[in-house]
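Dear colleague,

I am handing over the structure we spoke about, and I would be glad if you could look through it alongside the notes that follow.

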Amino acid sequence: MNTNTEQRVAFSETLLKKYDQTGPRYTSYPTALQFSDEFQRKHYLEIAQGTSLSQPEQPLSLYFHIPFCDTICYYCGCNKIVTRNRDLAPIYLQHLHREIDLQSALFNNRKVKQLHLGGGTPTFLSISQMTDLMTKARESFNLDTSDKREFSIEIDPRSINPEGIAALSQIGFNRLSLGVQDFDLAVQKAVNRIQSEQQTESVLSTARAHGFSSVSIDLIYGLPKQSTDSFTTTLDKVISLNPDRIAVYNYAHLPHLFKTQRGIKEHELPSSDTKMAILSLTIEKLTKAGYVYIGMDHFAKPDDELAIAQRTGHLHRNFQGYSTHADCDLVGMGLTSIGKVGHSYSQNYKDIESYYYSLENNQLPIFRGIELDYDDILRRHVINELMCHSRLEFAAIEQTYAIDFKHYFAYAIDALAPFVSDGLVVVEDNLIQITPVGRMLMRNIAMQFDAYLQPEAKSAQRASYSRLI
């Protein structure tokens, strides 16, 4: 595997503009748009119990969704409940604990190697409540206690103090993801998220002092009042903090879908040319600072687990983005959570009333999902290889799935012709290699292998996706 090619990325404004369109992020394949309410909890129960009987040593990844936020960030498109009423948390946790009971009974003490607390704002919970949640998880599941575990939590630096960070370490977390978005005060005011550099630095330094093995910082480009100069300053400040990972997301302004975004003044949004310039300088500054471009929005230090997994061919994508454990079944718990168990995806109810009602009747709150067929499994493998490793060797796919790759994917290979002409992809007799400039457009390339996007597509729900750039 040519790891040097994998770790390089090149920027071409002309090609990015040419191929800028909407498309999936491929945190799953098929995507959530293909989930159906024909897939019911009984199907999930059969699949989960079957995997634990057939693969009792396969590890687990747990995701807990905490939906509450006490303030509105105007850019946010996440599933959340905005409230300052802390009395809602005990009621939610009571139901989440019941869901843990129902889920853990399905998995026969399988080892949990990964755990993630996301939101919303997980630090909406008190340290006591998070301690109780982790205690419940530990009593119900077989949590890994070694240094190899990856137990992470999303942190709002405005809602936690050094004592809280120390407590998170004591209850088992060893990774943090910090929301920053932008350090510029004018931008912060425009999106209703005021967060000082000191708050962020304090959380990060405290986390290191208490032995957290990885700290990630999230940024967003395309926010109102951003400029290349202001974002350069933010990047310099983030680089000086020396996080292990940096995610730089593209802001998608969709106020017709997300009511909170109506608080943003559209005339203050940067132009497409400014966004392109910000993206270019981001890639330049982060790679010059020594970060490896993992793919999509993610950068990591060369010795980070993500970079190592990419070099060794073990990188994976799931609903939290890039991941290091492709072998894990993902059990999603909490409102709106999505899981991947066996060859299936399932999602919990999005409204709190239905979520509570199911659990009060001792039923998992699953309302839709999909069981993958052979073609789905094959294409998921292909798309994952392209999205994670920028390279696909036909022989490995042919051996695993007993197909003639060029015949099976003749349409997709033909569809790659423009990408080949533009120097984004190299197609040889036995492999597809995405070039450094093509890595910025890997979603476009992966889309050519998506059966649900082809002219004569499989039965599918159509909807708008976010823009690729």
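**Strand β16 and its partners**

Strand β15 (residues 338-340) pairs with β16 in the antiparallel sense, over 3 bridges. Please keep in mind throughout that this is a predicted model. Within this pairing, K340 stands opposite Y345 in β16. The hairpin formed by β15 and β16 has 3 residues between the strands, and G342 takes a positive phi near 60° there.

Strand β16 is also joined to strand β17 (residues 366-371), by 5 bridges and again in an antiparallel run, and here S346 stands opposite G369 in β17.

As for cover, β16 (residues 344-348) has 5 of its 5 residues buried. Both of its faces are covered, with S344, S346 and N348 buried on one side and Y345 and Q347 buried on the other.

**The chain as a whole**

Turning to the overall picture, the secondary structure of the chain comes to 18 helices and 20 strands, and 56% of its 469 residues count as buried. The radius of gyration is 22 Å, which agrees with a compact globule, because a globule of 469 residues would have a value near 23 Å. The C-alpha atoms fill a box of roughly 60 × 55 × 45 Å along the principal axes. Among the contacts with a separation of 6 or more, 74% are made by residues 24 or more positions apart.

The accessible surface comes to about 19,500 Å², and carbon and sulfur atoms hold 48% of that area. Finally, the chain has 46 positive and 54 negative charges, whose mean positions are 3 Å apart.

With best wishes

How values were computed: Residues are numbered from 1 along each chain as its sequence is written. This is a predicted model: local features need pLDDT of at least 70, side-chain atom pairs count only at pLDDT 80 or more; totals for chains, interfaces and linings use all residues. Side-chain values use heavy atoms; hydrogens and water are left out. Helices (H or I, at least four residues) and strands (E, at least two) are DSSP runs, numbered from the N terminus. The radius of gyration is taken over C-alpha atoms; the globule rule is 2.2 Å times the number of residues to the power 0.38. Buried means under 20% relative accessible area, exposed over 50%, partly exposed in between (1.4 Å probe, protein chains only). Contact means heavy atoms within 4.5 Å. Accessible areas come from the Shrake-Rupley method with a 1.4 Å probe; for residues, only the protein chains shown count as cover. Lys and Arg count as positive and Asp and Glu as negative; His and the chain ends are not counted. The place of a charge is taken as NZ of Lys, CZ of Arg, CG of Asp or CD of Glu. Two strands pair if DSSP finds at least two bridges between them.
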